[in-house]
Each structure stands twice: as structure tokens, then as C-alpha cells.
Amino acid sequence: MTMTFDNSKQHLLIDKATIAYGSQAIVHDVSLAVGVGEIGCLLGPSGCGKSTLLRAIAGFVPLQSGSISLSGKTLAKDDFCLAAETRNVGMVFQDVALFPHMTITANVAFGLQHWPKSEQVQRVEELLDLVGLGGYQERYPHALSGGQQQRVALARAMAPKPSLLLLDEPFSGLDAMLREELVPEVGAILRQEQIPGLLVTHDQTEAFTMADHVAVMNQGRIEQWDTAYNIYHKPDGRFVADFIGEGDFLACKVASDTCVESPIGHLCSDRPHGFSAGQQAEVFIRPDDVLHLDDSAITGRIVSKRFRGTHFLYRVLVAGNQTLSCFADSHHNHEIGEEIGIKLSLDHLMLF
Amino acid sequence: MLKRHGLSVFAVTVAALLMLPVLVILSYLIKADGALWQHMFETVLNDYLINSLLLLLGVGSGVLLLGVPTAWLTSMCDFPGRRWLSWALLLPLAVPAYIIAYTYTGLLDFAGPVQTWIRDITGLGYGDYWFFEIRSLGGAIVMMSLVLYPYVYLMARAAFLEQSVSSIEVGCSLGYSRWRALWSLALPMARPAIVAGLSLALMETLADYGTVQYFGVSTFTTGIFRTFYGYGDTAAAAQLAASLLAFVILLVMLERYSRRRARYHSAAESRARADLIPLTGSKAFLALMICLVPLGFGFVIPAGQLLWWAVFEAEPLGWEFVNLAWNSFCLAFLAALVAVTLAILLAYAQRARPIKPVRGVLAMSGFGYALPGTIIAIGVLIPLAWIDHRIIALFEGWGWDSPGLILSGSLIALLFAYTVRFLAVALGSVQAGLEKIKPSLDYAGRSMGHSPLAILRKIHVPLMRSSVLTAVLIVFVDVLKELPATLILRPFNFNTMAVRAYELASDERLVDAAPASIMIVLVGLIPVLLLHTSIARRRPQ
């Protein structure tokens, strides 16, 4: 896909970047822009090239072609590659990478070597307070819990006031509870410090919670670069629709600019879907588009169910051989094999 | 290209150079001289082969008998003394086989204190009674078993400690008694580790020269020496070395295979103290005795005797001893410096570009440690002497004075041989240290504005310091104990403590050999204690 950006408003600008190890290209022709004060996210399955792209921005991997620039300064272009230590790009690593032989203070102050001593002390204190670890100054990394270590790593990366902060799956080593707590917190800290960030993750909840814009990557290419809302509701292609959230593809026939004929009836959208009448297509239906109503005219037989606490997720068989997922209220406990009424609530159609 | 691959090219070159002695010896296996073989086969080869095989068989049984039960008791059972015994059982590792052989000879021969005491209380005279002849094949087997069993003990114990508790519990849940579950599950699971330890002990057995020479047992190593010095026949010595090499290669393959399987078997969850089987009363006493026997005979008695001789009976130490110690320490330190420096460069070459050729040569250079000193010495001597004679011919061709044997006749040959043999030890320690410095630490440092050189200074040096020091120390001690290669390659009139102890023992001046011997044992204790602390750290609290 091609994208054009208004360069003047952009902070990080990646233009047609290609990265290869030997003859094997890991990232193909990727373009991307993160605006001033924004947090972007590279989201994709493992092996999609997201971490490699991040490492190229940090300066650990050279570009084969294309360019990367930050606030108008070229970081890498074709065979030019600015050394990592001169880029002023901070990075938080998946494996934390705290220096085991240094105290928390020494770790956080590691990037402040050119600052006057008194300012170093002040900045370290300020950051440790910010990440909620005031009073841990003289401890060593091994004496901290996983979540605390990751907070120190964040403080360390932010200390030199980088013009961009890269986060390489920083939460993947933490348990679910801690992640829930830390992800929005880190987002808030970045915004408070006004440091633009780029997060790499394979977890869409993390991406949606933290990022203003999300790039869904697959096999070295960006499939879609958009807001979280649009990625979920207006996926650009089958891969994105399938990778993000849950849903089912239903074969259908296009009836008009806004409507299709499907096995579960005539479905209409409030805006044109871009296909012409008579075409064969598939409509993508998410479980939150399928409501359970006891007195609905359309019914489906439950083939499996999962209780998720706040709601049920039923798999229902409709129109003979189509299976759909359906969210139902937490109190609507039905048995497998039961016929239940469902109602489609689509305000737009996702057609492929 | 060269700039990017410089370190890799360097690593491959160094490793190839270190492989040279082995390749030289191997070449004799291929271009074997038929008539020479025929002659050796008819005269000595049978003897060497049978004695070496009997020695392997005997020491193999001996180290299993001493190593496995002690490892099992100290890791699976709880009895008084278990804690200190678990490290004290490593102590015999500090005593080189030739030194324990000298000590027991002094203790047990006709004029020694044991036989004198027997005669005193029984009134018997010379020839009236039978006494165990220590200077025999059997004696050599006992001596080597006593100091080599810690290899088996160490590996078996580590395997027992790492075995998952749940596998034993599964056995119990299936109706096995605790003892039976331990016997039929724990022991087979530890087998690969035990075999790995056994093959290490057998490699040392094959490498031994001092003990078999002193006891008059004809094996490959003594044969190599005799052929080399007695008949001055380098080619025949090299061919014998090549036959010995074939044995060593088999053992190395066995060891590597077992190690791979040992890793496969190890489990994450380890044993808590509560899982130990408590022993009381006579059972506890028996366990204590089983552990005290190898410790007593392998360390306490010989070290005590040596100390007694050194302090009360040997000639007072003079300048000669100071000179000897100085020579030994300087040589060992120099060798350690060379080996560790190369190890650091090789380890970084692999870390910078983990490409196949570099990984391959690094794996090959580990082979040197398995090689007997005699093989390395002959393999070093042949190419260096060849170069020396080319240099001499060149000088004489120009009408200059002969420079002498500048490579093969100097410390260079010795240092080269030590590096071949001990690089693997240094490399192991350095690599273990470097593994702890994950690449993301480098990246983190650089993303905060530090140059690669600053990262080396601020992150790598402090984190690597202890493993580099360990490497230096281990090579230092190994060189200090080394005997056969030093004997062959030392420059004229250059003596070390090990060589001096050997010479004095050969002159039947066992008591006077004691000061040098006890010094070697004491220094040898350092890596043993290091080994213990590194295991203790791994053990659950």
C-alpha cells in the first residue's frame, strides 16, 4: 500500500524502508509516520518484521533502501547509517536489560553521562518518582520484581529526554495482572513527559490501550496504519480483519451500493461498501455485531459456549451451515443444542 | 570485508594453528610406515595395548565404585557430615596422580612406615610375609581411581541434584517404594552424566605419564617417551601417539554424546532439602564410612604424609626451591595470560558474528583438553623443529652463525603446547561469563549515547572480571600440575616444581620431593574450592 504524509507535522518518518539479512528481506518497502506527541504501535504476529523495523530505527540494523528521519534529521538512508549512540532514541527491551552490576541510580543515570552531577541526581529522583520507585535508589536490579525492573528500564530510557522512545514488547515477560496495570500507566507517563513513542507488540489489547495509531504488520509489510477504532471496525483486508479481534466470514451476494444478500438475510449498511451489485463477496461479522434476543425471528442452534464472566460467547449455527459468534448477556445461560434468537446489529458492512 | 570479518578471520586462524599438533600426529596415522608398525607390533605394541586397556578397565570400575555411591548419598540422603562431605569429596581432585603415587610408594614400600610397623609388631623379616606391591598395574589403578573419582562424583551429583522431584513422585504414585523409585528412576536418569564423568576420568588415565612410568607399567605414554628419548625415533613416537589419539577420540565422542543426552534429561525443578531421605543409626554410620574412604585415602592420608615429610624430614628449603617456584609460577602465569587472552578474542569473535566456521573451530579447539600432554608435545615438537631447521639452514646459507633452536628449544614451544591443551578451559569460563551479557545490554548502552568502547569499559569489563579471573586461575593451576609435556618441551636446564618432584622421585628421594609436591597440591586446591562454590550457588537453599 502507498501512503502520503504531510511531512511538516510528522516527527518520525519512515519512507519505503527495506531491511534484509543477506538476501532475505525481513521488512519490505515500509512507510510510516508518527506525529509530534503521538504514540504509535507496530502490531503483528511473531516473525512479521516488527522488531527488526524497531531495531533499524534505534540504529542496530542498517537499511537496505529507503530512509528513516526524526524531526527532519536523517537517521538512515540507503547505505548511510547514523551510529545508534548519536541518535538520541531511547529503547526499552523485552528482556529488561538492566545492568546487573549497577544500582538502580547508576542504571537510570547511565545515559546522563554528560549532565552535571547535581542535575543527574535530580533527574534520577524525578524519574524514579514518576515510575513509582522513589526510595529504591541504592537497590540492585536482582532485588526488584519483574514489574519494578521494567519500570526502572523505562525510567532509564527516558532519563536523557530522548526525542523518541522505542518499546520492544516491554510487557510480554509480565503476568496478565501486572500488564493490565502497567500498560496504561506507561502510556500516561510518556504523554506526561511528552516523549513520542513507538511500541512493538503482538497483543492487541496493549496496542489499543496505549497507541494513537496502530500499524498492523504481516510478512514484512504494513497492512494498515490507522487508529485503533478503524483497525477494528474498518479493517483494510482479510488479514487485518482476521488478526484483530474475532469474527466470521460469510459468503454473500451484493444487492446494492449499501446492501448484500446473505444466508442470514438482507443486510444493509449506512454507507456505501464499495462493491457493485451482483458481485460475489464475503461479509465479515464480529461477535459484538450479533446480539442475542429471545424473541428474534432469526434463530441459531448453540454448538459451543464459553463463559467469560461479563458475558457469554456462544457459537451458533444459523441458516443450515453457517457458524457465527455471538456475545450474550452474562445472565443468559443457555445449553448447547438449544435454539436461541439472534439479531444482527450492523451499522456498516465489512466486505471482502 | 576484512574490517567486518577481521575478528572472525583471526579466530579461525588461531584455532587452525592450535589444531596443528593434532593434525601432525593424525598425519602419522595415515602415512604410517609399514615396517615400523610391523616392528612395533611384534615387540611392544601388544604390551602397551593390553596394559592401557587393563588400566582403563580398572580405573573405570574404580571411579564408578567410588564416585557414584558417594554422589548418591550426598545428594539424596541426609546423614551427619553430609554438608561438608559434599565438598570435601572433591579434594582428591587437587592431587595429581603421580604425586599420590610417590606418596603411597613412600608409605607402603619395604622401608616405609607401614611395613616397618608390621615387622616391628610381628617380628617377621624380609621375605617372610606377603605384602601388596604398590608399584604394579594394580597399584596404578588404585592410585588413579583415588584421585580421578571426583569427575564421576561431580557429574553424577549434579545430575542427581537437577533431577526433577516430580519424576520420583510419579514413581511413588505408581506404587514404587521410595528406595526402589530412586534406584530404578534416579540412577538411569543420571546415567548420561555418569558416563560423561567416567569418560573424563578415562581421558586423564590415558594422559597419565608420571604414575605408570614410576610404577614401571608399560603403556602408550611411557612407550612414547621411551621411543622418543631411548631410541630418538620421532616417527615411531608419533605413530604411537597416533594410536593413543585414536583411543582419545573415542572417549571424546563418548563424552560429547553423553553430555548432549545429559542436557536432554535435566529438568528445571530441583530438589528441596525436605526431599532427602533421612538416615540414622547404623545406616548413617555406613553412609559416613562410604564417603570417608575415598576422602581419607585420596586426600587426607597422602596430603598429611607429604606435609609431614616436607616439614620434618626433607632437606631444608633453599634458594633452589625459591628458584623452582619462581620458574613454575612465571611459566604458569604467562601460559594463563596467553590462553585467556586468546580465549577472550575467540569468544568475542563468536559473539560478534556467530557464523558456522567460527562456531566450528571454537568447538574443535575444545578438543585440546582431552589430549594427553605427550601427544601435544610430540605434535608441537615436530613442526617447530622443522621450522627451526629451515631457519638455521637459511642463516648458514647467508654465512651467519646458527641462531639455535629458537622455537622448539625455547619457552615458545612450551607455551604453544600449554595453549593447545588448556585453551578449552579458559574458553569455557570466558564464554560462560560472556553469555550473561545479553546483546540487549549493549543496545541499551548505545541507545543512551555510549560508544562501543565505553560499553566495553563500563559494562563488559566489570561483568566479565570474575569469569576472566577464574579462567586465569584454572589455567595457571593446570599448567603448574602438568608433567609430560613440560618434561619433553622444557628448555635445557629449565626446571619446574612438577619436573623436580618427578626427578627426585625417580632418584628414590621421595621425602625430598615432598616440598614441591605439597606445593602443587596446595595450589591445586584453589580451583577445587572454586568449583565447589560454583556448585553451591546452583544448589537450592
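**A helix and its surroundings**

Guide: In this predicted model, α4(A) is largely enclosed by the rest of the structure, because 10 of its 13 residues are buried.

Visitor: Which residues of α4(A) are buried?

Guide: They are A:Q149, A:Q150, A:R151, A:V152, A:A153, A:L154, A:A155, A:R156, A:A157 and A:M158.

Visitor: And what covers the buried residues of α4(A)?

Guide: The cover includes the strands β7 (89-92) and β8 (164-168) of chain A, together with the helices α2 (104-108), α3 (117-130) and α5 (176-193) of chain A.

Visitor: How far does α4 of chain A reach from its first C-alpha to its last?

Guide: Helix α4, residues 146-158 of chain A, reaches 19 Å, close to the 18 Å expected at 1.5 Å a residue.

Visitor: A change of topic: how many residues has the largest nonpolar core?

Guide: The largest nonpolar core has 155 residues, and B:A343 and B:V475 have the most contacts inside it. Helix α6 (residues 137-162) of chain B gives the largest share of this core, 18 residues.

Visitor: What does B:V475 touch?

Guide: Leaving out residues up to four places away in sequence, B:V475 touches B:A335, B:A336, B:A339, B:V340, B:F422, B:V425 and B:A426.

Visitor: Lastly, how many residues of chain A are in contact with chain B?

Guide: 16 residues of chain A are in contact with 15 residues of chain B. On the chain A side, β7(A) gives the largest share, 3 residues. That side divides into 11 nonpolar, 3 polar and 2 charged residues.

Technical notes:
Residues are numbered from 1 along each chain as its sequence is written. Chains are lettered from A and ligands numbered from 1 in the order in which they are written. This is a predicted model: local features need pLDDT of at least 70, side-chain atom pairs count only at pLDDT 80 or more; totals for chains, interfaces and linings use all residues. Helices (H or I, at least four residues) and strands (E, at least two) are DSSP runs, numbered from the N terminus. The expected span of a helix is 1.5 Å times one less than its number of residues. A residue is buried if 20 or more other C-beta atoms lie within 10 Å of its own, exposed if 12 or fewer, and partly exposed in between; C-beta atoms are placed from the backbone. Two residues are in contact if their C-beta atoms, placed from the backbone, lie within 7 Å. A nonpolar core is a set of buried Ala, Val, Leu, Ile, Met, Phe, Trp, Tyr and Cys residues joined through C-beta atoms within 7 Å. Ala, Val, Leu, Ile, Met, Phe, Trp, Tyr, Cys and Pro count as nonpolar, Asp, Glu, Lys and Arg as charged, and the others, Gly among them, as polar.
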